[in-house]
Amino acid sequence: MLFLAVIALTLGALVGLLRGGRLAELARYRVRLKWLAVLCWLLQVGLFLSPLGRFVDPWAGSLHFASAVLIGLVILSNRHIRGLSVVGLGLLLNALVYAANGGFMPVAEGALIAAGSETELVLLQEGRIQKTFLMEPATPLAVLGDVVPIGFIHKVYSPGDLVATVGVFVLMVAGMEPRTHVRRIWYAKSGNQIHA
């Protein structure tokens, strides 16, 4: 999902700039439990991208699911940030799939072929790759797994990934709104007058 997040951040920044926003406005966000989000990210890197992962592989599914739950707590504590609730909904959809499949994400063979990821398909036929395994007919919550092919980048994503991507875009655009614009919205909603 990292690639989608980068696209959402980039497009969000462009739209935010076109709407008169500034990247500096993002600094006004006061994010709670940042340390926990960083810890969860480091845990996932350790599990799936570092040589240390093989030592904890028997517990990888449980640890991955636990990190997803903790990220959910971070999002819940920061739900005041516009767009983050949508990100949370996407991650919740993914967490449901993880919970139903031992902490891992199933990927559809047809989606891999449609995305042009035949090499990954061959590797998955040998066994799990990082957090992904090849979907079977009896796989629980298969419809929420990696079933959406995106051919031009040769990747397959889950519906939860796509929902979370929309949330990242909204978060970026909303976060770049000038403070005066945000105050005008607040005054309009509260019925107060704006004095020059």
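Among contacts in the protein chain between residues at least 6 apart in sequence, what percentage join residues at least 24 apart?

1. The share is 70%, where contact means heavy atoms within 4.5 Å. This is a predicted model, in which local features need pLDDT of at least 70 and side-chain atom pairs count only at pLDDT 80 or more, while totals for chains, interfaces and linings use all residues. Residues are numbered from 1 along each chain as its sequence is written, and side-chain values use heavy atoms, with hydrogens and water left out.

2. On confidence, the protein chain averages a pLDDT (the predictor's confidence in each residue, from 0 to 100) of 90, and 91% of the residues score at least 70. Strand S1 (residues 105-107) has the highest confidence, at 98, and helix H8 (residues 179-190) the lowest, at a mean of 54. Where pLDDT is low, the predicted coordinates should not be read in detail.

3. Eight helices and four strands make up the elements of the protein chain; helices (H or I, at least four residues) and strands (E, at least two) are DSSP runs, numbered from the N terminus. Their order from the N terminus on is α-α-α-α-β-α-α-β-β-β-α-α. The C-alpha atoms fill a box of roughly 70 × 35 × 30 Å along the principal axes. Of the 196 residues, 36% count as buried, that is, under 20% relative accessible area, with exposed over 50% and partly exposed in between (1.4 Å probe, protein chains only).

4. Helices H2 (residues 34-48) and H3 (residues 60-77) pack at an angle of about 160 degrees, their axes 9 Å apart. The pair is therefore roughly antiparallel, a term for angles over 145 degrees. Residues making the contact include Leu36, Cys40, Leu43 and Leu47 of H2, and Leu63, Ser67, Leu70 and Val74 of H3.

5. Helix H7 (residues 159-175) has 17 residues and reaches 24 Å from its first C-alpha to its last, close to the 24 Å expected, which is 1.5 Å times one less than its number of residues. Its buried residues include Gly160, Ala164, Val168, Leu171 and Met172. Among the elements covering the buried residues of H7 are helix H1 (2-18), helix H4 (84-100) and strand S4 (155-157).

6. Pro178 lies in the loop between H7 and H8. Pro178 counts as partly exposed because its relative accessibility is 23%. Not counting residues up to four places away in sequence, Pro178 touches Gly20, Gly21 and Glu25. Pro178 and Leu26 are 152 residues apart in sequence, yet 9.6 Å apart in space, C-alpha to C-alpha.

Technical notes: Axes fitted to C-alpha atoms, helices over the stretch in contact; angles between N-to-C directions. Parallel < 35°, antiparallel > 145°, perpendicular 65-115°, else oblique.
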